[in-house]
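The sequence and the model come first, and the comments follow.

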Amino acid sequence: MSDKEGASVANLVIITGMSGAGKSLAVRSLEDLGFFCVDNLPPVLIPKFAELIEQSKGKIAKVALVIDLRGREFFTALSESLAYIKEHFTMNSEILFLDATDSVLVQRYKESRRRHPLAPEGMPLDGIRLERKMLDELKVSATQVIDTSNMKPSQLKEKIISRFSHSEGGSLSVNVTSFGFKYGIPIDADLVFDVRFLPNPHYIEQLRPHTGQDDDVYEYVMKWPETQAFLTKLLDMLHFLLPQYRKEGKSQVIIGIGCTGGKHRSVAIAEYLGRMLGASETETVRVSHRDAGRDRQ
């Protein structure tokens, strides 16, 4: 039924563990890595969900489900659902269990002023002990257990990213876009670089009607020593920055290159950056030109 030859194998991660141990942060980290995430899906629905994943024919390749066990019947349903998936589907499945010591969990509940879901009217420690007892068997069967007791949120995020970023689609998506300052800075840009200091083809009559995508304009922008010096320094910085963004779990970086009208210099520089950054196997690079088509003369 679901074991289709040639179909890509999906990855299913079940995120569970102690309440207050960091499941919300874990799922946000996986979302940044391109996972399709669903919170609080009843375990009995996992097989049906797995069927939908395989029917997507690779469009949904990485999935994370956050499951909180509130009773023994949930554990039984989860075990049965995972066994069913292994028998009937081609996808890889694993369980990520997040844990922390009782004292740390109590402190986190005090700081957040939240009530433990298993002890809404009682002491947090009572709920923590009951939940731990319920989850003991599941913890033993987990693929990976992460103790977050001594972790800062950033450390947990880094660990999640390190563990799951090998999956396909975990690469960083880089969008290099040219623009004209007179039309405003792109509001979604993460990095903005101003190239208005470069010699302007606008003042060359035969170049003015064209854009930085045309060979004559491109070569004019590139021929200056200050252009080459700028590009050397800019690429050096981007080759440093992009892996750091990827390490932090950022899934997309938008680089804005601006000149006065967004037609000549910024377009040429964006085209160059797209080619150079696109040569890397670790980034997916797209080049766009927001304002190149304006004021065509």
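1. Which residues gather in a patch of negative charge on the surface? They are Asp214, Asp215, Asp216 and Glu219, where a patch is made of residues with over 30% relative accessible area and no salt bridge, like charges being joined within 9 Å. Asp215 has its place in helix α7 (residues 215-222), and with a relative accessible area of 55% Asp215 is exposed; the cut-offs are under 20% for buried, over 50% for exposed and in between for partly exposed, with a 1.4 Å probe and protein chains only.

2. A word on the basis of these comments: this is a predicted model, in which local features need pLDDT of at least 70 and side-chain atom pairs count only at pLDDT 80 or more, while totals for chains, interfaces and linings use all residues. Residues are numbered from 1 along each chain as its sequence is written, and side-chain values use heavy atoms, with hydrogens and water left out.

3. A search of the whole structure finds 7 salt bridges, each being a side-chain nitrogen of Lys or Arg within 4 Å of a carboxyl oxygen of Asp or Glu. In one of them the side chains of Lys157 and Asp32 meet at 3.6 Å, N to O. This pair links distant parts of the chain, with Lys157 in helix α6 (residues 153-164) and Asp32 in helix α1 (residues 23-32), 125 residues apart. Lys157 is partly exposed at 21% relative accessible area, and Asp32 is partly exposed at 28%.

4. Asp99, in strand β4 (residues 92-99), is buried with a relative accessible area of 6%. Arg132 forms a salt bridge with Asp99, the closest N and O atoms being 3.0 Å apart; the pair links distant parts of the chain, Arg132 lying in helix α5 (residues 124-141) and Asp99 in strand β4, 33 residues apart. The side chains of Asp99 and Lys139 also meet in a salt bridge, at 2.6 Å from N to O. Because Asp99 lies in strand β4 and Lys139 in helix α5, this pair ties together parts that are 40 residues apart in sequence. Lys139 is partly exposed, at 31%, and salt bridges that share partners join Asp99, Asp102, Arg132 and Lys139 into one network.

5. Ser178 has its place in strand β6 (residues 172-180) and counts as buried at 0% relative accessibility. The side chain of Ser178 makes a polar contact of 2.8 Å with the side chain of His289; such a contact is a pair of N or O atoms within 3.5 Å, and within protein one must be able to donate a hydrogen and the other to accept it, while residues adjacent in sequence count only if both atoms are side-chain atoms.

Conventions
Patch = residues over 30% accessible without salt bridge, like charges linked within 9 Å, V, L, I, M, F, W, Y side chains within 5 Å. Areas by Shrake-Rupley, 256 points an atom, 1.4 Å probe, with all protein chains shown as cover. Lys, Arg positive; Asp, Glu negative; His and termini not counted. Charge placed at Lys NZ, Arg CZ, Asp CG, Glu CD. Helix = DSSP H or I, 4+ residues; strand = E, 2+ residues; numbered from the N terminus.
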